[in-house]
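Dear colleague,

Please find below the structure that I am handing over to you. My notes on what was found in it follow directly after it.

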2 protein chains.
Amino acid sequence: MSTRVIELKRSVFESNDERAELLRKELKDKGIFLLNLMSSPGSGKTTTLKATIAQLKDKYKIGVMEADIDSDVDAKKIAETGVKAIQLHTGGMCHLDADMTRQGLDALVEGDVDFAILENVGNLVCPAEFDTGATKNAMILSVPEGHDKPLKYPLMFSICDVVLINKIDVAPYFDFDLEKCKEYIHMRNPKAEIIPICAKTGEGVDKFAAWLTEQIEAAKK
Amino acid sequence: MSTRVIELKRSVFESNDERAELLRKELKDKGIFLLNLMSSPGSGKTTTLKATIAQLKDKYKIGVMEADIDSDVDAKKIAETGVKAIQLHTGGMCHLDADMTRQGLDALVEGDVDFAILENVGNLVCPAEFDTGATKNAMILSVPEGHDKPLKYPLMFSICDVVLINKIDVAPYFDFDLEKCKEYIHMRNPKAEIIPICAKTGEGVDKFAAWLTEQIEAAKK
């Protein structure tokens with residue numbers, strides 16, 4: 001499938017929280033589950049999505065919004081999986097808010113979608129501050145970044161429903177303490193689901209797919 | 001040495017560019033070289049600084065400002081090297097501007113410093129948009145993040161005088177193409193100095209120390 005690029009406009013609305021709640025309600029009414037996926041640059045968002053889509057694409061109608069400051073490399077990679085992918089250009093902006101998410105969704109759900117994914121800008125700070133209106137928030141922390149990140153980026157970890165710990169295959173080469181990492185994440189957010197994965201080999205991705213299936217089914221009710 | 005924590009105030013000045021030029025001029029008049037070090041979360045800024053300080057601390061009076069949203073783990077680590085270290089808390093802000101940098105510098109140069117370092121917030125987007133007033137900008141891209149990052153975060157790479165490629169010891173375990181990475185960096189900034197390093201083992205850190213020595217000496221003239 002081809003990829004389409006949307007140049008996002010800066011939002012003109014004052015209250016992002018209200019716009020986000022409105023979007024979430026609309027998604028619920030339509031039975032669409034929207035996942036907002038966040039991480040640092042290079043944590044493996046696109047690779048994780050590709051592995052996850054492979055497990056779910058026969059079951060659900062999936063659409064992906066790839067947000068990036070520039071370039072359309074990610075949307076092209078996702079389009080290779082056969083699902084609908086559009087590229088959102090933020091024009092230098094470091095995050096997406098609810099109105100920008102809606103601009104992307106409007107383009108995405110022209111086709112028929114029951115599982116929509118927003119791959120947010122690679123950034124552990126700003127995206128956490130703006131509610132996109134997504135049904136659930138997910139983030140990826142990769143092993144090479146270190147297990148101390150929940151101490152340094154508290155807000156991001158506190159707003160995520162699920163934290164994927166990616167690149168566990170290279171754990172032997174890094175000073176990464178998985179138990180300490182889990183402890184720090186739960187310090188920020190006791191309810192966060194934590195799933196260790198290796199997106200490259202597919203290890204653990206089935207657990208994430210199972211978590212998503214639950215959420216998608218719940219959104220249909 | 002003990003660490004001190006400064007809670008930064010939001011800047012009240014309209015023109016950050018003017019404030020940055022003013023700070024840069026003052027630093028020049030005082031013969032102080034200020035390095036602004038940026039990267040994604042977990043690229044190894046603090047480890048790189050520790051290795052670099054070990055090579056330069058007998059030659060120069062070094063002071064380090066560790067910017068973080070929360071926590072003071074980095075300033076504590078730097079203080080272990082014996083140089084002056086202060087922790088700057090941004091209070092959730094995703095970047096530092098010139099006035100915030102000045103708030104830190106004022107606390108730092110009460111002692112006598114000829115080489116000051118600002119470890120910026122871990123973020124490849126926002127810190128690139130705000131001139132801190134530093135004499136030179138440096139950034140770290142670590143191997144696990146991937147060689148495509150200059151395509152996705154163009155501004156960051158275009159404003160840096162030197163790019164350190166860190167964690168080259170783990171390159172065999174990642175699909176990282178160093179030549180392609182250099183090509184992409186130079187596409188954004190033909191003049192950027194590129195130095196591959198491994199902060200953990202110290203490999204290549206002497207080259208960065210040599211580059212810094214040149215800059216510090218130039219600032220004294």
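B:Lys167 counts as buried, because 27 C-beta neighbours lie inside 10 Å and 20 or more are enough for that class. The residue belongs to the loop between strand 7 (162-166) and helix 7 (178-188) of chain B. Its backbone deserves attention as well: phi of B:Lys167 is near 65 degrees, a positive value in a residue other than glycine. Please keep in mind that this is a predicted model.

A:Lys167 is buried, with 27 other C-beta atoms within 10 Å. Its place is the loop that runs between strand 7 (162-166) and helix 7 (178-188) of chain A. Although A:Lys167 is not a glycine, its phi is positive, at about 65 degrees.

How are the two chains related?

The next topic is the interface. Here, 30 residues of chain B are in contact with 30 residues of chain A. On the side of chain B that touches chain A, helix 5 (149-152) and helix 6 (154-159) of chain B each supply at least two residues. Helix 5 of chain B gives the most to this side, namely 3 residues. Sorted by class, the side of chain B that touches chain A has 15 nonpolar, 8 polar and 7 charged residues. The copies meet through the same surface, because 100% of the interface residues of chain B are also interface residues in chain A.

Within chain B, one pair of helices may also interest you. The axes of helix 1 (residues 16-30) and helix 4 (residues 98-108) of chain B come within 8 Å and cross at roughly 35 degrees. From helix 1 of chain B, the contact is made by B:Asn16, B:Arg19, B:Ala20 and B:Leu23, and from helix 4 of chain B by B:Ala98, B:Asp99, B:Thr101 and B:Arg102. By class, this contact between helix 1 and helix 4 of chain B has 3 nonpolar, 2 polar and 3 charged residues.

Finally, a word on the confidence of the prediction. The mean pLDDT of chain A is 92, and 96% of the residues of chain A reach 70 or more. For the complex, the predictor gives an ipTM of 0.86 and a pTM of 0.91.

With kind regards

How values were computed
Residues numbered from 1 in each chain as written. Chains lettered and ligands numbered in written order. Predicted model: local features only at pLDDT ≥ 70, side-chain atom pairs only at ≥ 80, totals over all residues. pLDDT = per-residue confidence, 0-100. Contact = placed C-beta atoms within 7 Å. Helix = DSSP H or I, 4+ residues; strand = E, 2+ residues; numbered from the N terminus. Nonpolar A, V, L, I, M, F, W, Y, C, P; charged D, E, K, R; others polar. Axes fitted to C-alpha atoms, helices over the stretch in contact; angles between N-to-C directions. Buried ≥ 20, exposed ≤ 12 C-beta atoms within 10 Å, placed from the backbone.
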